[in-house]
Amino acid sequence: MNQEVVIEAKKLSLTFETNDGPVHALKDVDLTINKGDFVSFIGPSGCGKTTFLRVMADLEQPTGGEISVNGMTPEEARLKRAYGYVFQAAGLYPWRTIGGNIRLPLEIMGYSKAEQAMRVDEVLELVHLDGFAKKFPWQLSGGMQQRASIARALSFDADLMLMDEPFGALDEIVRDHLNEQLLELWAATNKTICFVTHSIPEAVYLSSKIVVMSPRPGRVTDVIESTLPRERPLDIRESQEFLDIAHRVREGLRAGHGDD
Amino acid sequence: MNMYLIGALVFWLVAWALNVWLSNLKPTRLTKLLVPVIFGITLLVIWEWVVRGLEVKAVLLPPPTMIGVAFVSNIPTLWADFIQTFVKGALSGYFIGCGAAFATAVAIDRSPFLQKGLLPVGNFVAALPIIGMAPILVMWFGFGWQSKAAVVVIMVFFPMLVNTVQGMQAQTSMQRDLMRTYAASYPQKLLKLRLPAAAPFIFNGLKISTTLALIGAIVAEFFGSPTVGMGFRISTEVGRLALDMVWAEIVVAAIAGSAFYGVVALLEKATTFWHPSQRG
């Protein structure tokens, strides 16, 4: 199977210089992500999973090694608007309506007015927020805000979605619901998704590939190719196969903690 | 005990009781309006009758009716003073000063070098005593409204600059990162993120500046002006012991100042409705 490579990292390192000495956020990370993959990055805080995502997005500069996004440097990819980024919090601009927030990237990227309106409607429907375009973010619940921020990242139809613990602040019921919707969306659009989380069930449920990371220095300890089918009802989480993968993730996390 | 004082006392007690009764009712628009109005009327009535009852000299404190008579019978003069001081002096100085401060803030926001260099200069200008600067500016720009506008410019520039510069930093790192992921240009970032995020701070500066502008324009006239203007009138009428006229000018200044502040506050409410302080 000859798949198109989206992300390729070779010996990628990033060291932050702080007053307490250097912090090795990433050390010698090797990773390949193919088109259409749903990749979860899991690990305890400080393992560099968010940093890795930010390097892909050209929000941080690596201090060693190489990384390419769609065969380009992260900066070139960013300037070509190759990815949509979803942050830990919704980060909607409070002075814009939900529709206005989703229109923001489209305005910046110079889409015509008609196309803007069409795409806003389209992605709002995709995240089940139709009818909320004229509301302001602070009039919506946290879960709805986060869905709006996903719609915003989807609006310009980049092939790559970078999601940094988007559901971390939400309660479990809302989270289950959004996970299901995210899988639906992945199936419908066939985007490549990089998803940072620290929930094992979330990672196993969503991913086609799970990257287990460990802290100090941040590095990859295990890469698990999921054997679960792409079609995943919520109760797949009680199946033996699911539990086996979750077990392997847990083992990987424990191994990473062994040396401290 | 004379009738005026007893009357004032009785009126006060009745109005007090009335307000207590009103505020215990279910709050409606009418009661919310009525309570402060009754309070204000009571103040004026007590002022009037106490001044008359104790026979306070009009030079010290004229009763409100005397001020009212002076106000009504001098409307053409007061209007001319208002145009000269408020419209020509304060308003033009306000627009020039706030506009210049805003432009400066946007310009130095892009350059940390200028931010470090210009803010202390602004600080220095703000520390100059306005009483000392006003006569110098009158020398430079003449007796007309231009010198008053110049004083106002100096007074409003710094508060406006500091507020705007602070406002330009008022985005979260996530909001900034978002713009970066869109590869937004500088003007796009400025118009779609920095200025909207700065709006609550900018309006803060604009509101502070309204009162400063009026004070500056009036005080500057003490140091030389044509024979028209609120500051000119106040200083000459004090000399003639016509305190009713001085108070009439103060009434004009209070009305103009409150209306000016009110207009800016309304603009703020319309523009920054999204800010937690305005959502209420």
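User: How many residues of chain B are in contact with chain A?
Analyst: In this predicted model, 14 residues of chain B are in contact with 18 residues of chain A; contact requires C-beta atoms, placed from the backbone, within 7 Å. Local features need pLDDT of at least 70 and side-chain atom pairs count only at pLDDT 80 or more, while totals for chains, interfaces and linings use all residues. Residues are numbered from 1 along each chain as its sequence is written, and chains are lettered from A and ligands numbered from 1 in the order in which they are written.

User: Turning to chain A, what is the strand order in the open sheet?
Analyst: The three strands run in the order 2-1-4, with antiparallel pairing; two strands pair if DSSP finds at least two bridges between them. Strand 2 (21-34) and strand 4 (64-69) of chain A are the edge strands, each pairing on one side only.

User: How many bridges link strand 1 and strand 4 of chain A?
Analyst: Strand 1 (residues 5-18) pairs with strand 4 of chain A over five bridges. Ala9(A) stands opposite Ile67(A) in strand 4 of chain A.

User: And which domains does chain B have?
Analyst: The assignment, automatic or from a database, gives domain 1 (3-56) and domain 2 (71-279) of chain B. Their C-alpha centres lie 36 Å apart.

Methods:
Helix = DSSP H or I, 4+ residues; strand = E, 2+ residues; numbered from the N terminus. Contact = placed C-beta atoms within 7 Å.
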